[in-house]
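Me: I have a structure open and have not looked at it before. Can you walk me through it?
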Amino acid sequence: MALPGSNPMNIFQVSGRAMSAQLVRMNTTASNLANAGAVSSSEAAAYRTMKPVFRTHFDAASQMATVDVEQVKTAGEAPTKRYDPGNPLADAEGNVWESAVDETRELVDMMEAARSYQNNVEVMQTAKSLITETLRLGR
């Protein structure tokens, strides 16, 4: 039973929130891949891998759970120092700091996020078909 003033989530809202979370995951992964191999003049300025942190959201009124992105954090290995005196970004000692993006891991994350997104699209399509069929039977 829904509490007064609360609107229970429906399957479209649950899937939509999950799709939004996976979109954030795909965007952070794309950013990580775009910055793979990027160099900087200092460790502090070097690119660090970003990962979304998900949080489960339970809707007591509908008894359904979905996911939200709580925050996006830096994760992974620290940038690596590389000797490259010819690089215009090199410091006084000839070093640059290269992002430590694991491209293979990022590609796997991208595929997982795309599959999760597609699964939620299919959930929405199935729910729509069931509702449409139910309405058709009621005629």
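**A first walk through the model**

Reply: Start with residues 13-36: the span is 92% helix and 0% strand, and its end C-alpha atoms lie 35 Å apart. Keep in mind that this is a predicted model.

Me: What does UniProt list for residues 13-36?

Reply: An unreviewed UniProt entry lists them as "domain: Flagellar basal body rod protein N-terminal".

Me: Where does Thr29 sit?

Reply: Thr29 is in helix α1, which covers residues 11-34.

Me: Buried or exposed?

Reply: Buried, because its relative accessibility is 2% and the cut-off for buried is under 20%.

Me: Which residues does Thr29 touch?

Reply: Leaving aside residues up to four places away in sequence, Thr29 touches Glu106, Asp109 and Met110.

Me: On to the strands. How do β2 and β3 pair?

Reply: β2 (residues 50-59) and β3 (residues 64-74) are antiparallel, with 10 bridges. In one of the pairings, Met50 has Thr74 in β3 as its bridge partner.

Me: And what is between those two strands?

Reply: There are 4 residues between them, and the strands form a hairpin. In the turn, Gln63 has a positive phi of about 60°.

Me: How many bridges join β1 to β5?

Reply: 2 bridges, with β5 covering residues 95-98. Val39 stands opposite Glu98 in β5.

Terms used. Residues are numbered from 1 along each chain as its sequence is written. This is a predicted model: local features need pLDDT of at least 70, side-chain atom pairs count only at pLDDT 80 or more; totals for chains, interfaces and linings use all residues. Side-chain values use heavy atoms; hydrogens and water are left out. UniProt positions are given in the numbering used here, feature names are shortened, and annotations may be inferred rather than shown by experiment. Two strands pair if DSSP finds at least two bridges between them. Buried means under 20% relative accessible area, exposed over 50%, partly exposed in between (1.4 Å probe, protein chains only). Contact means heavy atoms within 4.5 Å.
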